[in-house]
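Below is a brisk report on a single structural model. It takes up local sites and overall fold in turn.

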Amino acid sequence: MAKTAVVIIDMLNTYDHQDADELVPSVEQALPAVARLLEEARRRGLPVIYVNDNFGKWRSHHGEILDAALAGPHAGLVEPVRPDEDSYFIVKARHSAFYETPLAYLLGTLGVGHLVLCGQVTEQCVLYSALDAHIRHLSVTVARDAVAHIRSDLADAALTMMEINMAARIVPATEVFT
């Protein structure tokens with residue numbers, strides 16, 4: 001089996017954007033499963049890769065993004081999943097974790113062929129990242145209870161598309177490593 005990496009998408013968030021009111025309740029539900037995946041990945045010594053929006057601040061880096069998220073009104077949604085010193089961090093500007101980022105190169109240097117995706121938003125960034133992983137011949141698992149959404153109907157459709165069209169394995173977080 002290919003080496004696995006856990007990719008945490010957009011969880012370092014200030015929640016001061018237009019869809020935040022719709023997103024926050026879903027993040028609150030997904031957060032325990034994301035934290036469990038993160039803990040298990042670290043326990044197993046797997047690479048943990050944070051891929052996060054830069055919120056249009058082109059001089060930002062992971063420290064600034066984390067500090068801004070921890071200083072915001074929803075720091076409790078960030079603290080349980082904060083990066084440690086062994087975590088990798090990639091800043092993205094668009095929906096996909098791969099678009100115009102060094103993620104594919106990093107995965108290649110780490111020998112990773114399987115991604116576990118979690119984070120937000122299922123119907124956008126998780127979906128597009130899963131598609132871009134698929135077209136790069138990487139296998140994908142999505143922990144269905146560790147992804148947050150803005151619209152549940154679109155999230156359900158996105159998970160179905162990932163499973164049927166991209167051969168993604170869609171399972172609860174408790175089954176990701178089984």
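H95 counts as partly exposed, at 28% relative accessibility. The model is a predicted one. H95 sits in the loop between β3 and α3. Leaving out residues up to four places away in sequence, H95 touches Q124, C125, Y128 and S129. D10 and H95 are 85 residues apart in sequence, yet their C-alpha atoms are 9.6 Å apart in space.

**The sheet**

An open sheet of six strands runs in the order β3-β2-β1-β4-β5-β6, with parallel pairing. Strands β3 and β6 (169–171) stand at its edges, each with a single partner strand, so one side of each lacks a neighbour in the sheet. On average, neighbouring strands are turned by 25° against each other, direction ignored.

Strands β1 (residues 3–9) and β2 run parallel and are joined by four bridges. Within that pairing, V7 has I49 of β2 as its bridge partner. Five bridges link β2 to β3 (residues 88–92), again in the parallel sense. Here D53 stands opposite K92 of β3. Strand β5 (residues 139–148) pairs with β6 over three bridges, in the parallel sense. A143 has V171 of β6 as its bridge partner.

Helix α1 touches β1, β2, β4 and β5, and its direction makes about 130° with that of β5. Helix α4 (residues 122–135) touches β1, β3, β4 and β5, and its direction makes about 175° with that of β4. The chain path also has a handedness: β1, helix α1 (residues 20–44) and β2 form a right-handed β-α-β unit.

How enclosed is strand β2? Five of its six residues (48–53) are buried, so the strand is largely enclosed by the rest of the structure.

N52 lies in this strand. N52 counts as buried, at 0% relative accessibility. The N52 side chain has polar atoms placed by two backbone groups. One of them is 3.4 Å from the backbone nitrogen of M11. The backbone oxygen of L12 lies 2.9 Å from a polar atom of the N52 side chain. Neighbours within four places in sequence aside, N52 is in contact with D10, M11, L12, I65, F89, I90, V91 and K92.

In helix α2 (residues 62–71), the buried residues are I65, L66 and A69. Viewed down the axis of α2, they fall within an arc of 95°, so they line one face of the helix. D67 and A71 are exposed on the other side of α2. The buried residues of α2 pack against β2 and β3.

Helix α3 (residues 103–110) has L103, L106, L107 and L110 as its buried residues. These cover an arc of only 100° around the axis, which puts them on the same side of α3. An α-helix has 3.6 residues a turn, so residues three or four places apart point the same way. Y105 and G108 are exposed on the other side of α3. The buried residues of α3 pack against β1, β2, β3 and β4 (112–120).

**Backbone exceptions**

Most residues other than glycine have a negative phi, and most peptide bonds are trans. Which sites have a positive phi although they are not glycines? E100 has one of about 60°, and H137 has one of about 65°. E100 is found in the loop between β3 and α3, whereas H137 is found in the loop between α4 and β5. E100 is exposed, and H137 also counts as exposed.

| Residue | Phi | Relative accessibility |
|---|---|---|
| E100 | about 60° | 69% |
| H137 | about 65° | 74% |

The peptide bond joining Q120 and V121 is cis, with omega about 0°. V121 lies in the loop between β4 and α4.

Terms used:
Residues numbered from 1 in each chain as written. Predicted model: local features only at pLDDT ≥ 70, side-chain atom pairs only at ≥ 80, totals over all residues. Heavy atoms only, no water. Buried < 20%, exposed > 50% of the residue type's maximum accessible area, 1.4 Å probe, protein only. Helix = DSSP H or I, 4+ residues; strand = E, 2+ residues; numbered from the N terminus. Pairing = 2+ DSSP bridges. Right-handed = clockwise from strand over helix to strand, strands pointing away. Arc of directions from axis to C-beta. Contact = heavy atoms within 4.5 Å. Axes fitted to C-alpha atoms, helices over the stretch in contact; angles between N-to-C directions. Polar contact = N/O pair within 3.5 Å; in protein donor to acceptor, adjacent residues only side chain to side chain.
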